[in-house]
Amino acid sequence: LPTMRSHKVCNNFAKHVMSMDYLVHDFYSMCKKLKRHSKTVFVDMGASLDFHGSESQPAIYINKIYGKFGFNFDHIYAYEITKKDPSNVFELIPAELQASWHWVNVGVDSRPGSKMNPFTTITNHFSPDDFVVVKLDVDTPAVENLLARQLRDDPKLLELVDQFYFEDHVKQKELKKSWGESAEGSVAESLELMASMREKGVASHYWP
């Protein structure tokens, strides 16, 4: 059973491989953290909206789930390295999200302090009173792993990021066909990483 997927893949892998119904959110605790002046921020690293074809886009899905519980993001920073026609991108974005959506059509930079490292934007522009959600899935383990560990090891970032979603491309046979030979690390290392961030106060979830 893949550690980063719904248990339903055991019965029908193709149908449920992108399912997000295994995610558990504690919206009560999230709401208690909010203050009247809190900004709500969603940072999406790997933000292509046409990658999954006609299927529901995970990033849109997560925005809708949060919206049901009153979390309407003021700022959505969407980083995507594959060049896209902006008119096509915004055609796919629901009307209620367009005013908040910042389309950044460049790859992320994993070097700490870099202008194109999204954590630099978070550190420079937001405070612990804000509500910050980060999704990391750029399909390049060499970049992803550095960013995930930057979050784990940076005390200031740990104060700023509330929710973290990560598709950790580690070596496991169930997903080898999808991920190919680019996967790095082990399931055990991945579990240790996510557990460490949870222990440090960041609710960390596997992203499909």
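Predicted model: local features only at pLDDT ≥ 70, side-chain atom pairs only at ≥ 80, totals over all residues.
Biologist: In which order do the six strands lie in the open sheet, and is the pairing parallel or antiparallel?

Modeller: Strands of a sheet pair through backbone hydrogen bonds, in either a parallel or an antiparallel sense. Here the order is β3-β2-β1-β4-β5-β6, with parallel pairing. The edges are taken by β3 (101–104) and β6 (203–206); each has a single partner strand, so one side of each lacks a neighbour in the sheet. On average, neighbouring strands are turned by 15 degrees against each other, direction ignored.

Biologist: Over how many bridges do β1 and β2 pair?

Modeller: Strand β1 (residues 40–45) and strand β2 (residues 75–79) are joined in the parallel sense over five bridges. Met45 has Tyr79 of β2 as its bridge partner.

Biologist: Which strands do helices α3 and α10 lie across?

Modeller: Helix α3 (residues 58–68) lies across β1, β2, β3, β4 (131–136) and β5 (163–166), and runs at about 165 degrees to β1. Helix α10 (residues 187–199) lies across β5 and β6, at about 150 degrees to β6.

Biologist: Which residues have the most contacts inside the largest nonpolar core?

Modeller: In soluble globular proteins, nonpolar side chains tend to be buried together. The largest such core here has 29 residues, and Phe119, Ile122, Val134 and Phe164 have the most contacts inside it. Elements giving two or more residues to this core include β1, β2, α6 (118–125), β4 and α7 (141–153). As for Phe119, leaving aside neighbours within four places in sequence, its contacts include Met45, Val134, Leu147 and Leu157. A second, separate core has 25 residues, among them Met20, Phe71, Ile76 and Ile93.

Biologist: How many aromatic pairs does the structure hold, and why is the pair of Tyr66 and Phe71 edge-to-face?

Modeller: A pair of aromatic rings is described by the distance of the centres and the angle of the planes. The structure holds eleven aromatic pairs. For Tyr66 and Phe71 the centres are 5.9 Å apart and the planes are at 90 degrees, so the pair is edge-to-face. Tyr66 is buried at a relative accessible area of 0%, and Phe71 is buried at 2%.

Biologist: Where in the chain do Tyr77 and Phe126 lie?

Modeller: Tyr77 is in strand β2 and Phe126 in the loop between α6 and β4, 49 residues apart, so that pair links distant parts of the chain. With centres 6.4 Å apart and planes at 65 degrees, the two rings are edge-to-face. Tyr77 is buried at 16% relative accessible area, as is Phe126 at 9%.

Biologist: Which residues do ring pairs link into a cluster?

Modeller: The cluster consists of Phe27, Phe42, Tyr66, Phe69, Phe71, Phe73 and Phe131.

Terms used
Residues numbered from 1 in each chain as written. Heavy atoms only, no water. Pairing = 2+ DSSP bridges. Helix = DSSP H or I, 4+ residues; strand = E, 2+ residues; numbered from the N terminus. Axes fitted to C-alpha atoms, helices over the stretch in contact; angles between N-to-C directions. Contact = heavy atoms within 4.5 Å. Core = buried A, V, L, I, M, F, W, Y, C linked by side-chain atoms within 4.5 Å. Buried < 20%, exposed > 50% of the residue type's maximum accessible area, 1.4 Å probe, protein only. Phe/Tyr/Trp six-rings, centres within 6.5 Å; stacked < 30°, edge-to-face > 60°.
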